[in-house]
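Here is a brief report on one protein chain. It begins with a single residue and then widens to the whole fold.

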Amino acid sequence: MNPRLNFLHPYPFEKLRALLAEAGTPPEGLTPINLSIGEPKHAAPARVGEALCGALQGLSVYPATKGDAALRQAIAQWLAQRYSIPAPDADREVLPVLGSREALFAFTQTVVDPNADALVVCPNPFYQIYEGAALLAGATPYYVNADPARDFGCDWGSVPEDVWKRTQLVFVCSPGNPAGNVMSLDEWRVLFELSDRHGFVIASDECYSEIYFAEGNPPLGGLQAARRLGRDDYANLVAFSSLSKRSNVPGMRSGFVAGDAKLIGQFLLYRTYHGSAMSPVIATASVAAWTDEGHVADNRRQYRAKFEAVVPILQRALDVRMPQASFYLWVPTPASDTSFARDLYGRTGVTVLPGSFLGREVHGVNPGAGRVRIALVAPLAQCVEAAERIAHFVKTSV
């Protein structure tokens, strides 16, 4: 067996199941409401389902590793329109993938040289794939703690020079998970300068990019930042995106990577052997999704309605603030995050995720401790009901 498997930590939801088992059964008459996992629950767009059903003949052919040409072109055009940049070269700078999760993991295996005492830098708290991908690639993760003073962004200047010298890959997530923070152009400038100095690759996880609250003011993306700073070749930068959150189709497993043509070429080589080619059926449905913005705007409207309803309710009892983007609330707890989540479930049937499960202790502190992540993915009425239960729980039980 691969000995590196022994380095993997239990997944957050495995830890959550064990924690909730301690809470017992919630009171009778209270329907459980799960706000712990970031799984979209809005309806998938009808046009996507129709396109998928109309493309079933694609089941009879082997898919191309490079992906369908029409899909690559649709993605390039979407990037141009969304970020006001020239369309990337659909042949060299865009590659369809089976969701951003698969791509983040596989890309790490492509980039990391396990014989070079490699470090992979990632935010803390973080999406667990970053850590697992680094460990299984033979690298050591280096965690940069979220800074509340920076709206839970990373202070890249806090990373020692000797760490940067060993760093081969940096993960960024903007809009962020769990806090919904968005990297500014100045933050990108600093990271690009460090990449130029030390040669590391930047993997920009942008799966929440289309869930924001001010129409006409979307979050800045990595490729967009690069263009604004004159980095027209996207040197050492690859952006990852997905239809899962944008179009409510997590079961399709469809996304893309785009950026530095040299890195995309090496990633394509890896994937040729890795065997992760997208079915023509999914590719056709993906074109239908990437070429329509109406359902995406409606998706944002639904999330905006939930935040507008839920935040005032929670503010009666907790220090809750709107994020810049994403569908999470990153909420401080009056007790430990684990006891809060356990007792909340036991007394109200509402499930939230302890923040400490998303982070690691670094420099004597786990920056996720004392917070819970609340995913507003359930229908509006359930989110409002959950918020009422949480507020009442805090007022009467904590």
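## A buried cysteine

Cys-383 is buried, with a relative accessible area of 1%. This is a predicted model. The residue is part of helix α14, which covers residues 380-397.

Which residues does Cys-383 touch, leaving aside those up to four places away in sequence? The list is Leu-35, Lys-306, Val-310, Leu-376, Val-377 and Ala-378. Leu-35 is 348 residues from Cys-383 along the chain, yet the two C-alpha atoms are separated by 8.1 Å.

## Lysine in helix α9

Lys-245 sits in helix α9. Is this lysine buried or exposed? Its relative accessibility is 15%, and the cut-off for buried is under 20%, so Lys-245 counts as buried.

Beyond residues up to four places away in sequence, Lys-245 touches Gly-38, Pro-40, Cys-207, Tyr-208, Ile-211, Asn-299 and Phe-327. Ala-378, which is among the contacts of Cys-383, lies 133 residues from Lys-245 along the chain. The C-alpha atoms of Lys-245 and Ala-378 are separated by 13 Å.

## Two cis peptide bonds

Asn-124 and Pro-125 are joined by a cis peptide bond. Omega there is about 5°. Pro-125 belongs to the loop between β3 (119-124) and α5 (128-136).

The bond from Asn-177 to Pro-178 is also cis. Here omega is near 25°. Pro-178 is placed in the loop between β6 (167-173) and α7 (185-198).

Arg-253 has a phi near 50°, a positive value in a residue other than glycine. Where is Arg-253? It occupies the loop between α9 (243-247) and β9 (255-259). Arg-253 is partly exposed, at 32% relative accessible area.

His-363 has a positive phi too, near 55°. Its loop runs between β12 (353-354) and β13 (371-375). With a relative accessible area of 70%, against a cut-off of over 50%, His-363 is exposed.

## The whole fold

How many helices and strands does the protein have? There are 14 helices and 13 strands. The radius of gyration is 21 Å, close to the 21 Å that the globule rule gives for 398 residues, so the protein is as compact as a globular protein of that length. Its C-alpha trace spans about 60 × 55 × 45 Å along the principal axes.

Buried residues account for 57% of the 398 residues. Among contacts with a separation of 6 or more, 76% come from residues 24 or more positions apart.

## Surface and charge

The protein has 36 positive and 39 negative charges. How far apart are their mean positions? The answer is 2 Å.

## The annotated domain

An unreviewed UniProt entry places the feature "domain: Aminotransferase class I/classII large" at residues 33-390. Over that range the chain is 41% helix and 16% strand. The end C-alpha atoms of residues 33-390 are 11 Å apart.

Methods
Residues are numbered from 1 along each chain as its sequence is written. This is a predicted model: local features need pLDDT of at least 70, side-chain atom pairs count only at pLDDT 80 or more; totals for chains, interfaces and linings use all residues. Side-chain values use heavy atoms; hydrogens and water are left out. Helices (H or I, at least four residues) and strands (E, at least two) are DSSP runs, numbered from the N terminus. The radius of gyration is taken over C-alpha atoms; the globule rule is 2.2 Å times the number of residues to the power 0.38. Buried means under 20% relative accessible area, exposed over 50%, partly exposed in between (1.4 Å probe, protein chains only). Contact means heavy atoms within 4.5 Å. Lys and Arg count as positive and Asp and Glu as negative; His and the chain ends are not counted. The place of a charge is taken as NZ of Lys, CZ of Arg, CG of Asp or CD of Glu. UniProt positions are given in the numbering used here, feature names are shortened, and annotations may be inferred rather than shown by experiment.
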